[in-house]
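Here are my notes on the model you sent over. Have it open while you read, and take the points in order.

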Amino acid sequence: MKITEEMVDYVSALSRLKLPPEEKTRMTGELEQIIGYMDILNQLDTTDIEPMSHTFPVKNVLREDVVEPSFPREALLSNAPAPDGESYLVPKTVE
């Protein structure tokens, strides 16, 4: 696929980048190489290959949940500028 500078402008606008003219020329060539490599990958026969979400086995490395008592509500609300006894009171931000 032939990449044009207009395509580079479009992609750079999507990624919120401002490229100088010499960078646009370099990016055009680099994007053409990337698309060319993707064309090679699209030619591979993957009919018997099982899809996977990661290239290595992923396991949960988090600790088990342990139920613990929480802080008293009064202690949590002690630094609030305007508590109502149950929660923080904040100014209305949306009409």
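**Notes on the predicted model**

1. Starting with the fold: this is a predicted model, and its secondary structure comes to 3 helices and 0 strands. Going along the sequence, the pattern reads α-α-α.

2. Now the overall dimensions. The radius of gyration is 27 Å, whereas a compact globule of 95 residues would come in near 12 Å. The C-alpha trace covers about 65 × 40 × 25 Å along its principal axes. As for burial, 6% of the 95 residues count as buried. Looking at contacts with a separation of 6 or more, 27% of them are between residues 24 or more positions apart.

3. How do α1 and α2 pack? Their axes are 9 Å apart and meet at an angle of about 95 degrees. On the α1 side the contact is made by Glu5, Val8 and Asp9, and on the α2 side by Lys24, Thr25, Met27, Thr28 and Leu31. Sorted by class, that contact has 3 nonpolar, 2 polar and 3 charged residues. For your bookkeeping, α1 runs over residues 5–14 and α2 over residues 21–42.

4. Have a look at serine 12, which is in helix α1. Is serine 12 buried or exposed? Its relative accessible area is 8%, and the cut-off for buried is under 20%, so serine 12 is buried. The side chain of serine 12 reaches the backbone oxygen of aspartate 9 at 2.9 Å; aspartate 9 also turns up on the α1 side of the contact with α2. Leaving out neighbours within four places in sequence, serine 12 is in contact with Leu17 and Leu19.

5. You'll find arginine 16 in the loop between α1 and α2. Most residues other than glycine have a negative phi. Arginine 16 is not a glycine, yet its phi is positive, at about 60 degrees. What about its accessibility? With a relative accessible area of 76%, against a cut-off of over 50%, arginine 16 counts as exposed.

Terms used
Residues are numbered from 1 along each chain as its sequence is written. This is a predicted model: local features need pLDDT of at least 70, side-chain atom pairs count only at pLDDT 80 or more; totals for chains, interfaces and linings use all residues. Side-chain values use heavy atoms; hydrogens and water are left out. Helices (H or I, at least four residues) and strands (E, at least two) are DSSP runs, numbered from the N terminus. Buried means under 20% relative accessible area, exposed over 50%, partly exposed in between (1.4 Å probe, protein chains only). A polar contact is a pair of N or O atoms within 3.5 Å; within protein, one must be able to donate a hydrogen and the other to accept it, and residues adjacent in sequence count only if both atoms are side-chain atoms. Contact means heavy atoms within 4.5 Å. Axes are lines fitted to C-alpha atoms, for helices over the stretch in contact, and angles run from 0 to 180 degrees between N-to-C directions. Ala, Val, Leu, Ile, Met, Phe, Trp, Tyr, Cys and Pro count as nonpolar, Asp, Glu, Lys and Arg as charged, and the others, Gly among them, as polar. The radius of gyration is taken over C-alpha atoms; the globule rule is 2.2 Å times the number of residues to the power 0.38.
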